[in-house]
Amino acid sequence: MAQKQMQRSTSAASASPSVGNGHITPESAERVRELIAGRHSKAALQVAKDLHKREATAESETLLVDAYRARIEDLIALRMTVEAKALFEIVRQRFPAAVPRFSEIEREFCVLDGRLDGIVAPLRDPNLATA
């Protein structure tokens with residue numbers, strides 16, 4: 001089992017080559033984007049994690065958050081709500097600045113949980129223009 005994990009880790013790392021000097025290569029970024037676009041969110045998340053671990057730049061963090069979002073969306077589509085919520089909590093803790101990008105997913109969680117407060121909350125905004 002551990003050997004399979006090591007093989008996956010090695011193949012994911014080799015799938016996103018980088019020079020390790022504080023910025024990511026266009027090929028690495030494109031690889032993550034292609035995986036996300038192809039709805040291979042699990043692989044995209046692993047490649048993005050490896051890339052961010054190696055480079056730790058704002059761009060690698062953005063790619064990582066995008067991969068997390070794709071994975072959470074896929075988990076919701078697979079009706080794996082518990083897993084999706086757990087992954088969202090990880091994002092909330094590790095990347096608090098990215099949480100506003102997940103407002104639609106938070107509303108989706110409210111719908112799935114049957115909580116209307118999160119859905120109608122935007123209507124209570126005093127800055128909301130009246131029609």
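Start with helix α3 (residues 41-55) and helix α4: their axes come within 8 Å and cross at roughly 160°. The coordinates belong to a predicted model. Two packed helices are described by the angle between their axes and the distance between the axes. An angle over 145° counts as roughly antiparallel, and α3 and α4 are therefore roughly antiparallel to each other. The crossing in which α3 passes α4 is left-handed. To display the contact, select Ser41, Lys42, Ala44, Leu45, Ala48, Lys49, Leu51, His52 and Glu55 on α3. On the α4 side, select Ser60, Glu61, Leu63, Leu64, Ala67, Tyr68, Ala70, Arg71 and Asp74.

Now zoom out to the chain. The protein chain has seven helices and zero strands, and its pattern along the sequence reads α-α-α-α-α-α-α. Of its 131 residues, 34% are buried. Take the contacts between residues at least 6 apart in sequence: 53% of them join residues at least 24 apart.

Next, the rings. How many aromatic pairs does the structure hold? There are three aromatic pairs. For one of them, select tyrosine 68 and phenylalanine 95, a tilted pair with 6.2 Å from centre to centre and 50° between the planes. This pair links distant parts of the chain: tyrosine 68 belongs to helix α4 (residues 58-77), while phenylalanine 95 is in the loop between α5 (81-94) and α6 (103-113), 27 residues apart.

Move to phenylalanine 88 and phenylalanine 102. Their ring centres are 5.7 Å apart and their planes lie at 50°, so this pair is tilted. Here too the pair links distant parts of the chain, with phenylalanine 88 in helix α5 and phenylalanine 102 in the loop between α5 and α6, 14 residues apart. Phenylalanine 88 is buried at a relative accessible area of 2%. Phenylalanine 102 counts as buried at 0% relative accessibility.

Keep phenylalanine 102 on screen and show arginine 69. What sits over the ring of phenylalanine 102? The charged end of arginine 69 does, 5.8 Å from the ring centre.

The last stops concern the backbone. Most residues other than glycine have a negative phi. Where is arginine 39 found? Arginine 39 is in the loop between α2 (26-37) and α3. Its phi is positive, about 60°, although arginine 39 is not a glycine. The relative accessible area of arginine 39 is 40%, so the residue is partly exposed.

Then go to alanine 56, in the loop between α3 and α4, the two helices that opened the tour. Alanine 56 has a positive phi of about 50° and is not a glycine either. Is alanine 56 buried or exposed? Alanine 56 is exposed, because its relative accessible area is 56%, over the 50% cut-off.

Terms used: Residues numbered from 1 in each chain as written. Predicted model: local features only at pLDDT ≥ 70, side-chain atom pairs only at ≥ 80, totals over all residues. Heavy atoms only, no water. Phe/Tyr/Trp six-rings, centres within 6.5 Å; stacked < 30°, edge-to-face > 60°. Helix = DSSP H or I, 4+ residues; strand = E, 2+ residues; numbered from the N terminus. Buried < 20%, exposed > 50% of the residue type's maximum accessible area, 1.4 Å probe, protein only. Lys NZ or Arg CZ within 6 Å of the ring centre and 35° of its normal. Axes fitted to C-alpha atoms, helices over the stretch in contact; angles between N-to-C directions. Parallel < 35°, antiparallel > 145°, perpendicular 65-115°, else oblique. Left-handed = near helix turned anticlockwise from the far one by under 90°. Contact = heavy atoms within 4.5 Å.
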